[in-house]
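User: Hello! I am new to this structure and would like to walk through a few of its details with you. Could you show it to me first?

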Amino acid sequence: MRILNVLKSKNIACGYLYFYAHFITEIACFYFLSKVTSGSNFIWLIPFIYDGLAFVPQNLIGYINDLKPKLNTGLIGAILMALAYVFYILGFNVIIPLIVIAIGNAFLHVSGAENTLRVSEGKLAHSAIFVGGGSFGVITGKLLASTSINPIIMIPLILTIMPFVLLADTYRDYSKKETKFDYANKKVSPYLIVILSIFVVIVRGYMGYGIPTSWNKTVLQTVLLFVTMGIGKCLGGILSDAYGIRRVGIISTLLAIPFLCFGDDLMVVSLIGVMMFSMTMSITLALLASIYKDKPGLAFGFTTIGLFLGTVPIFFMTITSKFANIFMIIIMSIVCSFILGSIIKKESRL
């Protein structure tokens with residue numbers, strides 16, 4: 001019943017609209033990345049440049065959008081991504097469409113965060129549903145890239161984002177300057193909460209690539225992995241609204257440990273761990289939005305910088321020892337659980 005109430009909460013449709021926008025955005029981006037890296041000698045460099053340009057600028061774009069709330073970054077993002085495909089189809093040097101599509105992705109993400117955070121009345125489900133759409137789009141884009149579909153099809157697909165963005169914008173009340181997020185422990189320094197929240201995001205970004213999944217050998221298994229990640233991101237916000245953000249943050253982080261550590265060769269066990277591991281996505285965002293009540297775009301940008309910092313090591317190093325990898329998962333998960341328990345205020349409700 002609680003979960004059903006969350007799924008019917010005020011303005012939740014804004015989250016659904018941006019789920020679609022985010023879904024299509026990642027299809028377009030990962031179709032492009034898969035195409036341009038196929039057979040490339042710089043297979044690691046292109047994704048690294050893309051991650052840096054897509055993740056890091058969201059902090060600045062979000063801050064600008066906080067100051068200029070009527071700047072429709074979603075439409076700008078869709079136009080840029082469509083333009084990137086025009087450049088790609090016309091045969092421009094791959095770096096040009098790469099830069100344009102990455103920046104377009106950043107603009108679209110900021111739009112989704114700004115809208116879902118501002119209309120949610122301090123709830124997590126709206127932004128969690130929006131964020132969850134990305135995982136479904138990533139795997140769909142990769143699968144489409146393996147087919148003979150002409151890249152030109154991506155342009156009208158990207159443009160379908162526009163009516164969804166415009167419709168989502170109707171839920172905004174531009175007279176409201178602050179959001180209602182209030183999850184931060186007031187006994188802890190706000191600056192420390194920001195630093196620790198970003199640290200948790202960095203750990204999640206790194207561990208997302210370090211989770212042992214030797215079972216992942218077929219296309220179907222890869223699809224299940226990404227779908228499970230998306231479900232976990234959505235559930236993190238939904239369950240937090242239903243049962244409490246602190247409880248869900250601590251329990252999901254700790255419960256994920258045995259499933260992640262012992263699911264290397266067992267798909268179902270591993271997927272349960274992946275789903276629980278993904279739940280903290282919206283929780284760290286809610287903490288940062290609790291500190292920056294009038295600047296949710298800036299708050300969201302801190303999470304994307306954290307994700308980028310978390311992924312940087314995997315471009316330059318890999319942990320080959322299964323024991324070392326499991327040890328790191330256990331230690332990092334326990335530390336993150338302790339951090340979340342410390343910086344999230346205690347809840348009185350069951």
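User: Leaving aside neighbours within four places in sequence, which residues is Thr284 in contact with?
Analyst: Contact here means heavy atoms within 4.5 Å. This is a predicted model, where local features need pLDDT of at least 70, side-chain atom pairs count only at pLDDT 80 or more, and totals for chains, interfaces and linings use all residues. Residues are numbered from 1 along each chain as its sequence is written, and side-chain values use heavy atoms, with hydrogens and water left out. With neighbours within four places set aside, the contacts of Thr284 are Ser197, Val200, Val201, Arg204 and Leu340.

User: How far apart are the C-alpha atoms of Thr284 and Leu340?
Analyst: Thr284 belongs to helix α14, residues 281–291 (helices are DSSP runs of H or I with at least four residues, numbered from the N terminus). Along the chain, Thr284 and Leu340 are 56 residues apart. Their C-alpha atoms are separated by 8.4 Å.

User: Does Thr284 count as buried or exposed?
Analyst: Buried means under 20% relative accessible area and exposed over 50%, with partly exposed in between (1.4 Å probe, protein chains only). Because Thr284 has 0% relative accessibility, it counts as buried.

User: Which side chain makes a polar contact with the side chain of Thr284?
Analyst: A polar contact is a pair of N or O atoms within 3.5 Å; within protein, one must be able to donate a hydrogen and the other to accept it, and residues adjacent in sequence count only if both atoms are side-chain atoms. The Thr284 side chain also reaches the backbone oxygen of Met281, at 3.1 Å. The side-chain partner, at 3.5 Å, is Arg204.

User: Which residues are the closest to the centre of the largest cavity?
Analyst: A cavity is a set of points, on a 1 Å grid over the protein atoms alone, where a 1.4 Å probe fits but cannot get out; lining residues have an atom within 4 Å of a point. The structure holds 1 cavity of 30 Å³ or more. Of the 14 residues lining the largest cavity, the closest to its centre are Thr253, Phe277, Thr280, Ser333 and Cys336.

Notes. 1 Å grid on protein atoms, 1.4 Å probe; cavity = no way out; pocket = protein on both sides within 12 Å on 5 of 7 lines; lining within 4 Å. Points joined across faces, edges and corners; volume = space filled by probe spheres on them. Helix = DSSP H or I, 4+ residues; strand = E, 2+ residues; numbered from the N terminus.
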